[in-house]
Structures are given as C-alpha cells and as structure tokens.
Amino acid sequence: MGKRKKSSRKPAGPRRKDPLETNFTCLFCHHDRSVSVRIDRKEGVAQLFCKVCDQRYQSKANHLTEPIDIYSEWIDAADAAEKEASSTRRPVASSSRPARAPSVGSDDD
C-alpha cells in the first residue's frame, strides 16, 4: 500500500471578466450603439449622449458607477418625464360620434 497520488491539476486562476458595454441603443431615435457613456470619476460626473439625435443626459457618479448604471438612470428619468408630462395635460374628451343637435320641435314638453 502506497501513498495517494496528489492531483496533477493546478489551481484555476481568477476568471477573466468580460468588459461591460459602453454603447447602447437610443431611446429617442432607436439607433443601435449610438449612445455613448463617459464617466469622469475625478469630477464625479457621468455624461451620456447620442451621436445621431444629440440627446444628452448628465448624472452624478462615484467609484462604483458603471456605464450601464447611467443608461438605466437615463431610461428611468425619461419615463418619469413622460409620465409627468402626461399627467399635467388635461385629457381631451373626444368621441367618434358627432354631437347631437337640439331638436326644435320636440314633443318632450
């Protein structure tokens, strides 16, 4: 009876992280990969802009902020602005039926 053989496999190294996207689809013009996000960590500011329709968004950033976070904030801000704009407008009552004209000689008297 001999000693057990040690595993010949070497320990696995750290997994390679795939870089996250920095270009996204624009909400307004729907062009793929036209929205770029730039994060200035020293200033604490993140900027998002569309190359096609020149839509811009600016937000605060910290050392944990990633481009997808800024893109998600932009989507949330656009939805909130749209909801606010629709709630401030008065709903217009429209009907497909024409308005009934009052009858002159009715027997309802």
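Start by selecting Tyr71 and Trp74: both are buried, where buried means under 20% relative accessible area, exposed over 50% and partly exposed in between, with a 1.4 Å probe and protein chains only. Before going on, note that this is a predicted model, so local features need pLDDT of at least 70 and side-chain atom pairs pLDDT 80 or more, while totals for chains, interfaces and linings use all residues. Residues are numbered from 1 along each chain as its sequence is written, and side-chain values use heavy atoms, with hydrogens and water left out.

**The rings**

Stay on that pair. Tyr71 and Trp74 sit 3 residues apart in helix H1, about one helical turn. Their ring centres are 5.9 Å apart with the planes at 55°, so the pair is tilted. The rule here: rings of Phe, Tyr and Trp (its six-membered ring) pair if their centres lie within 6.5 Å, and planes under 30 degrees apart count as stacked, over 60 as edge-to-face and the rest as tilted.

With Tyr71 it makes a stacked pair, 4.4 Å centre to centre and 15° between the planes. Phe24 lies in strand S1 and Tyr71 in helix H1, so this pair ties together parts 47 residues apart in sequence. Helices (H or I, at least four residues) and strands (E, at least two) are DSSP runs, numbered from the N terminus. Bring in Phe28 too, and you have one aromatic cluster of Phe24, Phe28, Tyr71 and Trp74.

**The sheet**

Switch to cartoon and pick out the open sheet: 4 strands, order S1-S2-S3-S4, antiparallel pairing. Two strands pair if DSSP finds at least two bridges between them. At the edges are S1 (23-24) and S4 (56-60), each pairing on one side only. Helix H1 (residues 67-88) packs on this sheet, touching S1, S2 (35-40), S3 and S4, and its direction makes about 115° with that of S4. For that angle, axes are lines fitted to C-alpha atoms, for helices over the stretch in contact, and angles run from 0 to 180 degrees between N-to-C directions.

Zoom in on S3 (residues 45-50): 5 bridges join it to S4, and the two run antiparallel. Look for Phe49, which stands opposite Arg56 in S4.

**Last stop: Tyr57**

Which strand holds Tyr57? It is in S4. Tyr57 is partly exposed, at 21% relative accessible area. Leaving aside neighbours within four places in sequence, Tyr57 is in contact (heavy atoms within 4.5 Å) with Ala46, Gln47, Leu48, Ile70, Glu73, Trp74 and Ala77.
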